[in-house]
Amino acid sequence: MTKNARTIRKKESNNSALKALSFKTVIAGASLAALLASSGCATSSLLDSGSHVSTTTAKTVLSEDQIVAFGRPAQALPKMPNATMVIVGEKNSYVLTQGGTEMVNLLTNLTPKNIQVDNEMNFYVPNNDGYFQGEMKLSYAKLKDEFKRSDYQFFLQNNGKECTSASDQRINAQRFCFSVPVKGAIYPQVSNLSIIQSNYRALSKPYTVSFYTQSQQNQVSRSGANTAQKLVLLPFALAFDVVTFPFQLLEQ
């Protein structure tokens, strides 16, 4: 083989090696670019997660009120034909438009001193538009030998559930529980509140009624607290007189 032929073959071999190296370099470069792009997304994700963004259900208490008495409207309320019961508060009046009939039935047919409230009166105001919903839970307890057949018939007719506790059993008492879903509307303070407070014996303990709303929010750990809202009354609500029920709620 001549010297020129050897030189030509050596050049061709070198060119082939350069081409292979170039191809590998391109592949490596593409892989690195993909890795960097992936790393960029991960970094973005980490930066986002670093700010602790999360969607939560935020509960906001709109108002709390002290209960003065329970009663019914002295006259029919405009636009509220089904208003049968009123929770009289120091700030506002809370008219039950659903569940009021059941509550009136319980409060007027059961011996007042044996009635007990079994839950906090927290009512949900979905749209803060003057309308609320929730649940009233009452229990009724007496010594077993004081119950009559008519009492048990009343419990059956009004969805009373036997819920005697160990404490009741120790004194030979029996307890029945009632759960009443309610809906209602928020009105201004009743017109005859001062008369009720002067003539109506206070409840056996301070009872509070509260109202809250909920919303889905994107919360960031570095952001400040949510601004408090206020309870909205019905736009057409007017003050009215109420006739109270003569009963006392026992302590829980």
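Modeller: Exposure first. A residue is buried under 20% relative accessible area, exposed over 50%, and partly exposed in between, with a 1.4 Å probe and protein chains only. By that scale N159 is exposed, at 58% relative accessibility. This is a predicted model, where local features need pLDDT of at least 70, side-chain atom pairs count only at pLDDT 80 or more, and totals for chains, interfaces and linings use all residues. Residues are numbered from 1 along each chain as its sequence is written, and side-chain values use heavy atoms, with hydrogens and water left out.

Colleague: Where is N159 found?

Modeller: First, the naming. Helices (H or I, at least four residues) and strands (E, at least two) are DSSP runs, numbered from the N terminus. N159 sits in the loop between α3 (149–157) and β7.

Colleague: What is phi of N159 near?

Modeller: The general idea comes first. Most residues other than glycine have a negative phi. Phi of N159 is near 60°, a positive value in a residue other than glycine. K79 also has a positive phi, near 65°. K79 lies in the loop between β1 and β2. It is exposed, with a relative accessible area of 64%.

Colleague: Where is the place of Q75?

Modeller: Q75 lies in the loop between β1 (54–73) and β2. At 39% relative accessibility, Q75 is partly exposed.

Colleague: Which residues is Q75 in contact with, leaving aside its neighbours within four places in sequence?

Modeller: Contact means heavy atoms within 4.5 Å. With those neighbours left aside, Q75 is in contact with F240 and D241. Now compare sequence and space. Q75 and V243 are 168 residues apart in sequence, and their C-alpha atoms are 9.2 Å apart.

Colleague: Now strands. How many bridges join strand β2 to β3?

Modeller: Two strands pair if DSSP finds at least two bridges between them. Strand β2 (residues 85–89) is joined to β3 by 4 bridges, and the two run antiparallel. A hairpin of 2 residues leads from β2 to β3.

Colleague: How many bridges join β3 to strand β8?

Modeller: There are 6 bridges between β3 and strand β8 (residues 173–188), and these strands run antiparallel. Here Q98 has K183 as its bridge partner in β8.

Colleague: Why is strand β3 largely enclosed by the rest of the structure?

Modeller: Count its buried residues. Strand β3 (residues 92–98) has 5 of its 7 residues buried, so the rest of the structure largely encloses it.

Colleague: Which residues touch the most other members in the largest nonpolar core?

Modeller: A nonpolar core is a set of buried Ala, Val, Leu, Ile, Met, Phe, Trp, Tyr and Cys residues joined through side-chain atoms within 4.5 Å. The largest here has 34 residues, and M85, M121, F123 and F211 touch the most other members. Strand β8 gives the most to this core, with 5 residues. Apart from it lies another core, of 17 residues, with L77, M80, A83 and V86 among them.

Colleague: What does F123 touch, not counting residues up to four places away in sequence?

Modeller: With those residues left out, its list includes I87, F132, V182, V209 and F211.

Colleague: How many salt bridges does the structure hold?

Modeller: Side chains of opposite charge can pair when their charged atoms come close. A salt bridge is a side-chain nitrogen of Lys or Arg within 4 Å of a carboxyl oxygen of Asp or Glu. The structure holds 3. D168 pairs with R175, with the closest N and O atoms 2.9 Å apart. Both of these residues are buried. K142 pairs with D151 at 3.5 Å between the closest N and O atoms. K142 and D151 are buried too. K137 meets E135 at 4.0 Å, N to O. K137 is partly exposed, at 35% relative accessibility. E135 is partly exposed, with a relative accessible area of 30%.

Colleague: Which residue does a disulfide join to C163?

Modeller: A disulfide is a covalent bond between the sulfur atoms of two cysteines. The rule asks for a pair of cysteine sulfur atoms within 2.5 Å. That gives a count of 1 disulfide. It joins C163 to C177, S to S 2.0 Å. C163 lies in the loop between β7 (161–162) and α4 (166–170), and C177 in strand β8, so the pair ties together parts that are 14 residues apart in sequence.

Colleague: Why is the disulfide of C163 and C177 right-handed?

Modeller: Look at the torsion about the S-S bond. For C163 and C177 the torsion is about 90°, so the disulfide is right-handed. C163 is partly exposed, with a relative accessible area of 24%. C177 is partly exposed, at 22%.
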